[in-house]
Structure formats: structure tokens, C-alpha cells
Amino acid sequence: MAWTRKILRVNLSAGTCSAEALNMKWADEYLGSRGLATKYLVEEIDPKVDPLSPDNKLIMATGPLTGTMASTGGRYTVVTKGPLTGAIACSNSGGFFGAEMKFAGWDMIIFEGKSPKPVYLYVENDRAELRDAAHLWGTSCWHTEETIKKELQDPLVRVSSIGRAGENQVLFACVVNDLHRAAGRSGVGAVMGSKNLKAVALRGTRGVSGIRDFPAFMKAVNDGKKVLADNAVTGQGLPKYGTQVLMNVINEIGALPTRNHRDVQFEDAAKISAEAMHEKRPTDGKPHLVTNAACFGCTIACGRISEIDKGHFTVVNKPEYWGASGGLEYEAAWALGAANGVGDLEALQYANLLCNEHGMDPISFGATVGAVMELYEMGAISKEEIGIEAPFGSAMALARLAEMTAQGEGFGKVIGLGSKRLCEKYGHPELSMSVKGQEFPAYDSRGIQGMGLAYATSNRGACHLRGYTVASEVLGIPVKTDPHTTEGKPALVKAFQDATAVFDSAGICIFTSFAWSLADVQPQLQAACEGDWSMDKLHQVGERIWNMERQFNLAAGLTAKDDNLPPRLTSEPAKSGPAKGLVNQLDKMLPEYYQLRGWNAEGVPTADTLQRLGL
């Protein structure tokens, strides 16, 4: 079967590694990866636990399609209680690390306790041991991965690690694998750092065996690949332009959050767009973009490999950044660019490299800098406090603040708290563009109404990947809906949220959903996994996962009051573009959404809902 049926439990306090059987009843109910790891977490920790205490746990998990021939089957998730939000944290990453975990024979690794000293976990098939990481502590993700591969004398080892941000408990620190892929949101890297766990190194040589019906599986896989290849987004747009294809599109419809959401269009969007990445620079005659790249098993290849301008002020004396490396994706380009009013593509690339190198979520980092720049222009934070002048549009400030935050220096420590705590510290909590403490991604919900509801109700805080209604409201996938109206949006959001939970839990990339519906995933799961994986069951699995996450958050102390948006989005109309004059009408959508979810007026699942879902 597609599961290995094995879990590796690592007790960091005791320094022990032990194998145990996967709970197959739970696998049947929660599928894998996001759903199954969350089930283990909620059964094993107190929801009120301090996220950075030894009593919190951190789980790395694959899905049943991870490591298989299924397109994009390289995903894994990191699940914990998030320090940025105090809510469930489930952060998803691509690259090759997830597949390697499966090849080594493990569905999941559960980390508990806290090591008395820095360590890293080394796994080679059945063998697992904790090794000293004192020489790695204080170094970057890039240095850590390179050093571990040299020490093990194996270039094929896959490494997932934290940088200085995770060690320093930056609340939006991420876990970086394969140099430029990351479990990026909610501060999972800070939890890893709190446990003195520097890295996980995997080597697996077993492959994935036990697919239930291999001929049927390969037919379903090949059918799915054809759908991806024939689709304009997954077959053409993403391979050529990556997610950056969205920059000009979202700007034109008046939904590109700019200067901490004060504006909805950025005058320099074209300068930091996918098209700009293809253009040759006047300084050296080279394009910013070198090539595209793919994660394990991916037939889309949306990743970017870029080369920074060697003469740019950020790197003129830093040759270590001159080579080709991970390039800008849409969310990072927006957060580092439009959110701060910065139109310097090379400066964005430099800040993005620092985020990758030191393990920081560029969305939360960039959005927090946007709040800093607004507070600075208001006079609420002085140049003396920050250490530099930090007005909107300053590429110099962006680059320096990225360095300070990555290194944990000076005002960088305050930025590392995230925008919610930073804005509260300086007396303007309303200027944090976040939900449940997590910063918004790159879509202004005044111009895309459904995204406002998706943000407000996301179990892990503001997130586009928990219910990407942009697909329908902007791109017309699977059907076109009007982005400026609220009608039908509660049902649309719920459908996207439940389906996304299944995609994540299967171990495949959510970008496949630009072309695939659950009907394309279902035959792959049915052929790979034992048991019944009908469409009805998959719909219920997605809904069960969503409600389980909701229950955890309620038990952790969150309430319906946390299903909200900053007042700027609900009371300050958009100033330009097609959405000019509009605010987000969350108040119209939320009651209907609760009703469709089977929750009461306080956002709590009813007894009937829990019974129906087996919760």
C-alpha cells in the first residue's frame, strides 16, 4: 500500500529514536500528511500548551501519494502548535525531502521534548540516530545542508534545517529543505529551534512499494499528467512564468495590497513582475531569470532559478550571492515589494535569498516591514529606534532590515515578533494586516471578496492556500464568479477549504488544483491505497480535517472573534482600480459560512456535525 505503516518517534529529551506502527484506523479517516499528522498532534498535546515549550510536539509527515509516480508527489508537512498564532500550524513544503522520507520507509517523524544540546537527526532507512550539531548552531540553512552532506560523504542525502531565525525564535521562522523549499508559515522553524533540533538528514533507498493496483494507478497518474499538460495554467503559464505570472494580473484588477494595504495597486508592479524577470538588464545584459525548476515528481516546474546583478548595491561586495539560486515567487515578490512600495527587483531577490538562507517566511517578514514603514512615516517609530530611515519605497531599508532580522540584531529582534505584536508594542494594533496573528498574503480582499472570508476563517491564520478562491474569482477555475460580490462565496470558500485539505493530505501540490478537481485525485488514491476512497468519502475526509483543526483552535482559546479582518479592509474603501469604493463585506458572509459548516452562531461545531464526521 501507499503508506509505509511506520512512524519514527524521536524523544529529544531522552535522546532516543523508536519505531512504531502507524494507526491505520486514523489513516483511513484522515488520509495522511496534514490530516493524519494533525490527528496525532491533537491526540498528544494540550491545546493550551506554550508553543515554544518542550511539551509542544513537532511532526514531519508525508501523504500516501508522496514519493510515488503521481505528479507533484513530493510534498510533506510540518505540523505543530504555531508560536505566531497560538493556533494549529501546518506548513507544507516541496522539493525532495518528503519523497526521501518515504523512500527511507517512514510515513511520519514525531519530535517530542527538548534536547539539552543542539542535535540533528540522521535517518538511513531503518537506522535513526541523533548527532551533535554544536558546530552547526549559529549557521545558515545553506551552510548546514552543505556541511551535513560533506560529513556524511553522501551528496544524495536530503536535509531539512533551520537557520538563525529558528534558533533565535523569530516567530515566523520556517523549516528549509533542499536550500530553497520551505515549510514556510506560522513559525514552525521557531518550534524546531526551541527543541534544539537543528536539522533532519534523510537517506532512503527503498522506494515506495505496495501500490494496491499498480496498472490502475499508472493509468490514473498518466491521465492526471495529461490534464496538467493540457491546462493553460499548469501546462503553460506556471512553467514559463511561475507564480509570478500573477503580479500584473492581480495589480490590474485592483487587488494587489500595497504599502501595508493602504493602496490596492502598485505603480511599479511591472518592474517586479514575471515579465520583468525575463527581460535583460541594462547593467550586464542578462535576464534576472536563469531557468525554471521542479520539485520531486513534478510535471509543472513552477520554481524559479535566478541570478542577481553582481553590481547591485546589496551584493556588490558579497560574491557568495552572485551565483544562480532560488528565485522570486509571487508571494515573496509581493511581500518584499508592493507591500513596502519597493520596486527594485534585485533588492527583492537579495531579501528573498536572506529569507531562504536563514529560514524566514518572506510573507510575514515583508508584511511586517510594511507595518514598520507605515509606523515610521506616522512618527510612531523613530529612526533612532530602527537604526535607519525606513520610509515606504526604500530598497536600502528593506535590505538592511532583512539582514538585521536574519541575524537577530537590533531592531531585527522586534521585526521577528511579527506585525501583530510589533504594532501592539507601538500602540497601533489596527496596522497589523493579519488574521490570528499571521500576515496576509498577496490578495486584497476588498477586490476579491471571497478571499476575505477565506482569510478570516483559515485555521492557521491568514492564508491563501487554505481556500484559494482567487482561482474562481479571478481565473475562472473551475467556474468564474464575480470577485466584487458576496453572493455564493460562503459555499465557494467551504468547498475550496475542504478540497484543499484532501490535496494536502494526499501528499501532492495544491497547484495541481488549477487543473485537477478531486475527481482527478480520487482514482489515484483509490488505486494506491487499500479501502474505499470514493468521492463521497474524500469530501467527508476534507470536512473532517477542517473541523478537527477548528476544534483544536477553540480548545486553544481562539473564538469567533478571531474570525475577523483588520478594520482597514472592512471600513476603508479601495482607492483605485475595478474595486474602487469597495470594502470587504465579511459581516455578510460569515453567518452563512457558519451555517453551511454546521456550526452555531459562535462558530462552534454542533453536536450533530461532530457526530456526522466522527469527531
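Which residues form one aromatic cluster together with Tyr 330? In this predicted model, the cluster is made up of Tyr 330, Tyr 443, Tyr 468, Phe 511 and Phe 514.

**Aromatic pairs**

With ring centres required to lie within 6.5 Å, the count comes to 16 aromatic pairs. One of them joins Trp 3 and Trp 533, whose ring centres are 6.2 Å apart and whose planes meet at 50°, so the pair is tilted. Trp 3 belongs to the segment before strand S1 (6–11), while Trp 533 is in the loop between helix H21 (518–528) and helix H22 (535–556), and the pair therefore ties together parts that are 530 residues apart in sequence. Trp 3 counts as buried because its relative accessibility is 6%, and Trp 533 likewise counts as buried, with a relative accessibility of 0%.

Another pair is formed by Tyr 593 and Tyr 594, which is also tilted, with 6.4 Å from centre to centre and 55° between the planes. Tyr 593 is buried at a relative accessible area of 0%, and Tyr 594 is buried at 5%. The geometry of these two pairs is set out below.

| Pair | Centre to centre | Angle between planes |
|---|---|---|
| Trp 3 and Trp 533 | 6.2 Å | 50° |
| Tyr 593 and Tyr 594 | 6.4 Å | 55° |

**Charges over rings**

Trp 533, the partner of Trp 3 in the tilted pair, also has Lys 537 lying over its face, at 3.9 Å from the ring centre. A further case involves Lys 425, the charged end of which sits over the ring of Tyr 426 at 5.7 Å from the ring centre.

Is Lys 489 buried or exposed? Lys 489, which is found in helix H20 (residues 489–506), has a relative accessible area of 1% and is therefore buried, since that value falls under 20%. The side chain of Lys 489 reaches two backbone oxygens, that of Asp 482 at 2.5 Å and that of Thr 485 at 2.7 Å.

When neighbours within four places in sequence are left aside, the residues in contact with Lys 489 include Thr 481, Asp 482 and Pro 483, together with Gln 449, Gly 450 and Leu 453. Glu 473 and Met 589 are also among the contacts of Lys 489.

Technical notes:
Residues numbered from 1 in each chain as written. Predicted model: local features only at pLDDT ≥ 70, side-chain atom pairs only at ≥ 80, totals over all residues. Heavy atoms only, no water. Phe/Tyr/Trp six-rings, centres within 6.5 Å; stacked < 30°, edge-to-face > 60°. Helix = DSSP H or I, 4+ residues; strand = E, 2+ residues; numbered from the N terminus. Buried < 20%, exposed > 50% of the residue type's maximum accessible area, 1.4 Å probe, protein only. Lys NZ or Arg CZ within 6 Å of the ring centre and 35° of its normal. Polar contact = N/O pair within 3.5 Å; in protein donor to acceptor, adjacent residues only side chain to side chain. Contact = heavy atoms within 4.5 Å.
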